[in-house]
Amino acid sequence: MPKEALTLYWACLAGAITLEIAGTISMKLSQGFTRTVPSVLLFVFYIASFALMTVAVKRIDASVSYAIWSGVGTTAIALIGVFWFRETLTAVQVASIVLIVVGVIGLRVGA
């Protein structure tokens, strides 16, 4: 497969991650489905994320793509929670995030 074609699948994975993060932020902003716009956006972002993820797994191993999708999303949401929503972050949580990142890198390198 040409490198340009494979790049498309990685771009889809990056888009899926971005949309998953947007969906999770919308979930927080929906305040338990009491706010209409974030509640609707939550579903829009997650549906679009899954659609792009479906394209990405056509050429990227599911184990690698899902690990990257969930690991990057989890790490980004943890950082957004701290810096945007003023949530706390303990040393154990930092260590756990580091382990997630190391695990994702390990899956990618091992693929």
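What covers the buried residues of α3? The cover includes α1 (3-29), α2 and α4. The model is predicted: local features need pLDDT of at least 70, side-chain atom pairs count only at pLDDT 80 or more, and totals for chains, interfaces and linings use all residues. Residues are numbered from 1 along each chain as its sequence is written, and side-chain values use heavy atoms, with hydrogens and water left out.

Start with α1. Helices here are DSSP runs (H or I, at least four residues), numbered from the N terminus. At 1.5 Å a residue, the 27 residues of α1 should span 39 Å. The end C-alpha atoms of α1 are 39 Å apart, which agrees. The expected span is 1.5 Å times one less than the number of residues. Buried residues of α1 include Tyr-9, Cys-12, Ala-16 and Glu-20. Buried means under 20% relative accessible area. These buried residues of α1 pack against α2 and α3. Just after α1, Gln-31 takes a positive phi of about 50 degrees.

Now move to α2 (residues 36-56), where Ser-49 is found. Ser-49 is buried, with a relative accessible area of 0%. Which residues does Ser-49 contact, leaving aside its neighbours within four places in sequence? They are Ala-16, Leu-19, Glu-20 and Trp-69. Contact means heavy atoms within 4.5 Å. Ala-16 and Glu-20 are also among the buried residues of α1, and Trp-69 is one of the buried residues of α3.

Next comes α3 (residues 62-83). At 1.5 Å a residue, its 22 residues should span 32 Å. The end C-alpha atoms of α3 are 31 Å apart, which agrees. Buried residues of α3 include Val-64, Ala-67, Ile-68, Gly-71 and Thr-75. An α-helix has 3.6 residues a turn, so residues three or four places apart point the same way.

Finally, look at α3 beside α4 (residues 91-110). Their axes come within 9 Å and cross at roughly 155 degrees. Axes are lines fitted to C-alpha atoms over the stretch in contact, and angles run from 0 to 180 degrees between N-to-C directions. The two helices are therefore roughly antiparallel, a term for angles over 145 degrees. From α3, the contact is made by residues including Val-64, Ala-67, Ile-68, Gly-71 and Thr-75. From α4, Ile-97, Ile-100, Val-101 and Val-104 are among the residues that take part. By class, this contact has nine nonpolar, four polar and one charged residues. Ala, Val, Leu, Ile, Met, Phe, Trp, Tyr, Cys and Pro count as nonpolar, Asp, Glu, Lys and Arg as charged, and the others, Gly among them, as polar.

Methods. Parallel < 35°, antiparallel > 145°, perpendicular 65-115°, else oblique. Buried < 20%, exposed > 50% of the residue type's maximum accessible area, 1.4 Å probe, protein only.
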